[in-house]
Each structure stands twice: as structure tokens, then as C-alpha cells.
Amino acid sequence: MSQANVEIVMGVFRAFQERDDEKLFAHYAPDIEWDLRGYSIWPDRPLFKGHEGIRQFFRMWLEDFSGYETEALDPIDAGDRVVVTVVDRAQGKRSGAVIERVHDQVWTIREGLVVRVQLQDNRAEALKSVGLAA
């Protein structure tokens, strides 16, 4: 059953890369939480809820970038949660600077839907949050 959770997470990343909102949001529970409290580069609004909250987060996150891509690497099955390393690549719209950020995420899956995504600055913190040693 948990391997299915890894497939759900990877499917979400594929849908995001394809910019297929219908497929993307079909994986999210209506009351999904996007939790950025463990992600130090996002200090302003650390919690987004529901589909509209997630859409608002994406708009805010992507507004300064062009050519934004994200890649999920090394998923770890942790029961009802999946830990994944994420590499974001983009170019600043105003500066033209190319950026690459690496962080980790903990995805919680219930009844086949994503109910929570928790961003962490690094893999050690993400693993710790699911009870696994780094």
C-alpha cells in the first residue's frame, strides 16, 4: 500500500510539470494543508489550506520566475507518509538569474489523497519528522 503512496507523490510532480491542474488537484484532498513552517526561505505565510489556498501559494511562489521546473528525487516510503528531495530550477523574471534550490518534503497520504505537504530545509529534518534517522 505504501508504494502506492510513492506513486501518488510522483504522479503529482508529473502533473505539475505538465501544468495539468485537473490531474494535479485530483490528487489533493479538499482540506489539504501546505505547511512551510520548516522551510526558512518562506517566512511570511507558513500555512495554506484547501485547493484555493494551494492555488494561491503556487501563484505567489511562481510569480517571480520563468521556466520553473521541479524534480522529485529519492522518495522514501514511510507508511502513510513519503519523504522526497525536491530540486527547483527557474530563472528570475526581472533579474534573469538562474536559481536552483534543494529542499525536502514530507507528503501525508490518506485514502489515496494527499492531505498534507510539509516543506523542510533539508533531508535530515524531513526524515526526523517521520521518525527515521538521517
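Predicted model: local features only at pLDDT ≥ 70, side-chain atom pairs only at ≥ 80, totals over all residues.

Modeller: Start with Asp 88: its side chain and that of Tyr 68 are joined by a polar contact of 2.9 Å. A polar contact here is a pair of N or O atoms within 3.5 Å; within protein, one must be able to donate a hydrogen and the other to accept it, and residues adjacent in sequence count only if both atoms are side-chain atoms.

Residues are numbered from 1 along each chain as its sequence is written, and side-chain values use heavy atoms, with hydrogens and water left out.

Asp 88 sits in strand β4, residues 81-92. Strands (E, at least two residues) are DSSP runs, numbered from the N terminus, as are helices (H or I, at least four). Asp 88 is buried but has no salt bridge. Buried means under 20% relative accessible area, exposed over 50%, partly exposed in between (1.4 Å probe, protein chains only). A salt bridge needs a side-chain nitrogen of Lys or Arg within 4 Å of a carboxyl oxygen of Asp or Glu. For Asp 88, the nearest side chain of opposite charge is Arg 101, 5.5 Å away. Lys and Arg count as positive, Asp and Glu as negative; His and the chain ends are not counted.

Contact means heavy atoms within 4.5 Å. Neighbours within four places in sequence aside, the contacts of Asp 88 include Trp 61, Ile 99, Glu 100 and His 103.

Next, Gln 118 in strand β6, residues 113-120. Gln 118 counts as buried because its relative accessibility is 14%. Its side chain has a polar contact of 3.1 Å with that of Arg 116. Beyond four places in sequence, Gln 118 touches Asp 35, Asp 104, Gln 105, Val 106 and Ser 129. Glu 33 is 85 residues from Gln 118 in sequence, yet 8.2 Å away C-alpha to C-alpha.

Last, the backbone. Most residues other than glycine have a negative phi. Arg 19 is not a glycine, yet its phi is positive, about 55 degrees. Arg 19 lies in the loop between α1 (2-17) and α2 (21-26). Its 42% relative accessibility makes Arg 19 partly exposed. Glu 111 also has a positive phi, near 50 degrees. Glu 111 is in the loop between β5 (98-110) and β6. Glu 111 counts as exposed, at 84%.
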